[in-house]
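Hi everyone, thanks for making time today.

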Amino acid sequence: MPPTPMMQQYHEAKQAAGDALLLFRMGDFYELFHEDAKTAARVLGLSLTSRDKGENPIPMAGFPYHQLDGYLAKIIAAGFRGAVCEQVEDPRQAKGLVKRDITRIVSRGTVTDDALLDPQTSNFLLAVAPGEPCGLAWIDISTGRFEATVVPSEKLGDELARISPVEILLGESADSLPAEWTEGRMISRRPAWAFGREAAVAALMKHFGTQSLEGFGFSQDDEGPALQAAGAVLDYLVETQKTSLAHIDRLLPYGVGTRLEIDEATRRSLEISQTMRDGRREGSLLGVIDRTVTSMGARLLGDWLANPLTDVQAIDARLDAVAELHAETSLTADLRQSLRQIYDVQRLLARVTTGRATPRDLSFVARTLACIPKLKAKLAGRKSARLSQLEGRIDLCGDVRSKLDAALEDECPLASRDGGFIRAGYHAELDEQRELMRGGKQWMAEYQAEAVERTGIANIKVGFNKVFGYYLEVTHAHRDKIPEDFIRKQTLKNAERYITPELKEHEEKVLAAEERCQDLEYELFVELRGLVAVAARRLQATAEALAEIDVLASLAELARARSYVRPRVVAESVLEIEGGRHPVLDITGTEGTFVPNDTSCEARLASRGDAAVQSAILLITGPNMAGKSTYIRQVALISLLGQIGSFVPAARATLGVVDRIFARVGASDDLARGRSTFMVEMTETARILNTATERSLVILDEIGRGTSTYDGLSLAWAVVEHLHDHVGCRTLFATHYHELTDLEDSLDGVGNLNVAVKEWQGEVVFLHQIVPGAADKSYGIHVAQLAGVPREVNERAMEILAQLEAQHEQGGTEEVRRQKSEDGERKLRVDTGEPVGNGQHLQMTLFETVDHPLLEEIRKTDLNTKSPLEVQRLVEQWQQQLAGDAVSSRPR
Ligand code: ADP
């Protein structure tokens with residue numbers, strides 16, 4: 001049997017929808033058919049029915065039209081795309097089959113509806129164009145922010161972590177990205193031509209209406225791949241949005257290198273915008289410092305924290321603004337109060353320009369505009385340059401405001417076609433039609449009263465439904481009293497419905513007026529929406545200024561509430577913190593229990609011939625749970641906060657601008673990602689050693705832990721030496737290898753710190769206080785006790801420890817030697833049982849002892865059976881043997 005015309009229409013639409021689930025509008029429902037219906041039944045929990053029951057039933061599932069948002073949310077959350085196919089003509093006016101078209105294809109990266117978006121987070125769609133360097137372009141279509149850049153492919157993972165897109169576009173034959181980069185993100189494959197250079201440039205120029213892209217700061221030769229990626233993004237949006245994309249009015253070049261670089265592992269490890277354990281915003285640095293009161297501000301703060309500055313002047317400009325707001329408490333409180341009343345103008349505007357705004361959206365624009373004059377006035381005459389600039393950027397858009405205020409009711413509905421949102425007095429014809437409609441209704445009420453009187457049926461009433469229009473309803477009990485001119489139309493269980501010629505005549509008038517009102521209101525709505533769209537640029541600039549004021553005020557409020565201080569941000573590579581606190585623990589821990597600590601560190605600049613700096617590398621030793629990790633992280637987080645222009649949790653701070661922050665945690669549990677933990681640790685360490693500069697800040701936490709003690713210690717040792725000799729950057733290294741603390745004696749840029757611990761009545765008390773010098777004990781067993789390891793086990797461990805310590809005191813021959821070879825390179829060797837060499841050497845502790853074979857021979861020699869001459873010969877022999885070993889153990 002050939003498909004019905006409607007199913008044919010369905011198949012055509014399905015073809016165009018590709019792999020998206022096609023939501024096919026039929027009357028008041030969206031229906032899915034065939035495989036889509038089965039998928040929908042599975043992932044959306046819809047019940048599966050069938051159409052054309054009989055020989056070839058078609059699987060079908062559906063939901064009422066007003067639940068579209070909810071189901072779209074479920075569809076994209078399940079990793080699918082949804083194609084919305086609407087009836088594009090009025091069924092009442094359609095001749096034959098109603099025309100239907102796909103009006104948009106929605107995926108995670110292309111949503112604009114508030115219901116489908118997290119207000120606090122940008123929603124980026126990103127494309128990767130192949131090449132070396134590769135091209136990246138990303139857009140938040142809900143706000144129109146569109147950026148592009150080129151990056152060396154080895155930095156792609158870091159950039160993905162920084163931008164954190166929800167959907168990634170890749171060429172159909174491009175290699176897949178590593179799973180850990182794409183976790184939780186949707187991947188959409190696009191045809192290869194969508195990434196073509198010429199097509200991309202042409203499409204971008206057409207979209208922006210420009211002759212070249214150089215005006216945006218892109219050169220086709222250098223940034224070709226960036227433009228290809230941007231072209232692919234645009235092509236995808238044109239295909240899926242099927243509407244004006246006028247709010248995307250520029251492509252911004254993202255300057256890699258002008259911001260503090262933070263790689264993916266560091267971002268994760270420092271928990272900057274999400275926690276490591278469950279990837280949530282709450283509990284991350286962003287989560288605890290965010291005091292913004294608007295969603296636009298929350299998103300901007302996230303953006304600042306993902307991209308801290310490196311330019312001292314720019315940082316100072318922000319700090320000046322925060323300082324002024326911090327000093328003017330009541331002004332800041334007032335500003336925040338006003339900001340609380342504004343809406344998410346950025347996202348409202350995106351809906352306005354894409355033609356998806358509702359009357360309510362427009363009324364929110366109006367309400368926001370109503371709040372701005374007061375806000376702007378408060379900002380007038382501010383001292384800091386940044387606040388004055390922002391004040392200048394706020395455009396009151398009085399023209400738009402007066403029009404919207406005059407036109408829109410205070411409370412507006414979501415639907416734009418049902419009317420009921422234009423104020424009386426705004427439009428003469430609308431008022432007239434409304435009068436007619438109201439008059440008609442008045443007439444109905446009178447007609448009902450008249451009918452009651454005429455028939456003597458007290459409960460007769462006039463009602464309305466879509467099928468029969470207006471009717472008179474009479475219960476069966478009064479059926480015999482019905483006059484002759486009543487025409488029966490419908491029988492219900494308890495009542496009968498009738499019409500009369502007069503009723504019909506008035507019905508027509510009322511319905512015509514009602515329809516005219518709705519049409520008129522819709523026309524007026526479209527006109528108002530157009531008016532806002534025309535002002536989009538001014539409104540967008542205003543929205544950006546408001547978002548920034550919110551962020552600056554939020555930082556001022558944070559500083560006030562948590563007693564943060566303004567850091568002195570300088571170009572020199574120094575780091576001086578007095579009374580520093582960990583910004584997250586300081587807030588989430590019990591109030592007043594956090595122990596503040598100082599830090600003093602200065603890069604050892606090879607370029608400055610700086611040999612004398614004592615504190616480029618700080619080694620922090622101390623027992624587990626003492627607070628080492630907390631301390632080194634707090635230093636990194638304080639630097640980061642300083643570079644976004646925030647005050648910092650300290651009593652005083654001088655922060656030398658950092659170009660990159662590296663944070664590595666030894667062998668963190670990365671099993672979930674399916675990589676050997678030690679391999680990860682070493683790959684990441686290699687990266688630091690290869691890319692850190694003298695202006696970087698390196699935070700190492702228990703590096704070398706993921707392997708055996710020998711390996712681990714040797715690696716940690718060599719890492720410190722390399723950083724010291726070849727990089728010289730500010731480094732904080734927390735370690736439980738006490739042996740490393742000996743480095744302080746041999747390397748002039750290394751300083752030891754430890755975390756103070758008090759032993760009291762056999763118990764260990766952690767003071768969390770960082771003090772100079774190396775720790776003497778590791779207290780692991782005490783920690784085990786705290787953790788609830790059974791007492792017998794602890795006691796036995798104490799015994800073993802005592803034995804090991806006693807053995808160790810007898811001395812071993814296990815040696816770790818650091819030698820300076822002839823060419824001046826330092827080499828670290830861990831020898832097991834070989835004789836001691838002639839170079840400078842260090843005694844390593846904690847290793848199990850292995851005797852030198854000579855010792856055994858000496859022990860066994862029975863002097864009573866030897867003559868003095870024999871003894872002399874033996875000693876000579878031993879000396880020769882030792883000398884020979886010494887030669888053979890020289891560095892090669
Ligand atoms: P380590 O790295 O030495 O094993 P952590 O830095 O993980 O120790 O700290 C262990 C616990 O001690 C933390 O969870 C925190 O609750 C507490 N702590 C650390 N530093 C401080 C501090 N300065 N003040 C108060 N509590 C702290």
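Let's start with β26 and β27: strand β26 (residues 750–760) and strand β27 (residues 763–772) run antiparallel, joined by seven bridges. Within that pair, asparagine 754 sits opposite valine 771 in β27. On the parallel side, β26 is joined by five bridges to strand β21 (residues 617–621), and there leucine 618 faces glycine 751 in β26. When I say strand, I mean a DSSP run of E with at least two residues, while a helix is a run of H or I with at least four, and both are numbered from the N terminus. Two strands count as paired if DSSP finds at least two bridges between them.

A word on what you are looking at: this is a predicted model, where local features need pLDDT of at least 70 and side-chain atom pairs count only at pLDDT 80 or more, while totals for chains, interfaces and linings use all residues. Residues are numbered from 1 along each chain as its sequence is written, and side-chain values use heavy atoms, with hydrogens and water left out.

Now to an open sheet. In what order do its four strands come? They run β18-β22-β19-β20, with mixed pairing. The edge strands, β18 (568–570) and β20 (597–602), each pair on one side only. From one strand to the next, the twist averages 15 degrees; angles here run from 0 to 180 degrees between N-to-C directions, using axes fitted to C-alpha atoms, for helices over the stretch in contact. β18 pairs with strand β22 (residues 652–656) in the parallel sense over three bridges, and arginine 568 stands opposite threonine 654 in β22.

Helix α21 lies across β18, β19 (574–580), β20 and β22, at about 110 degrees to β19. Contact there means heavy atoms within 4.5 Å.

That helix leads us to the ligand. Which helix gives the most to the shell around the ligand? That would be α21 (residues 628–644), with three residues. In total, 14 residues surround the ligand, and the closest are Val595, Met625, Lys628, Ser629 and Thr630; a residue is near if one of its heavy atoms lies within 4 Å. The shell has six nonpolar residues, seven polar and one charged.

Let's zoom in on some atoms. A side-chain N or O atom of serine 629 is 2.6 Å from an oxygen atom of the ligand. A nitrogen atom of the ligand lies 2.8 Å from a backbone N or O atom of valine 595, and a polar backbone atom of glycine 627 is 3.0 Å from a ligand oxygen. Taken alone, the ligand exposes 550 Å², and the protein buries 75% of that; these areas come from the Shrake-Rupley method with a 1.4 Å probe.

Finally, another open sheet: six strands in the order β3-β4-β2-β1-β5-β6, again with mixed pairing. β3 (49–51) and β6 (100–106) are at the edges with a single partner strand each, so one side of each has no neighbour in the sheet. Here the twist averages 35 degrees from one strand to the next.

One last stop: glutamate 132 and proline 133 are joined by a cis peptide bond, with omega about 0 degrees. Proline 133 is in the loop between β7 (124–129) and β8 (134–140).

Key
Polar contact = N/O pair within 3.5 Å; in protein donor to acceptor, adjacent residues only side chain to side chain. Nonpolar A, V, L, I, M, F, W, Y, C, P; charged D, E, K, R; others polar.
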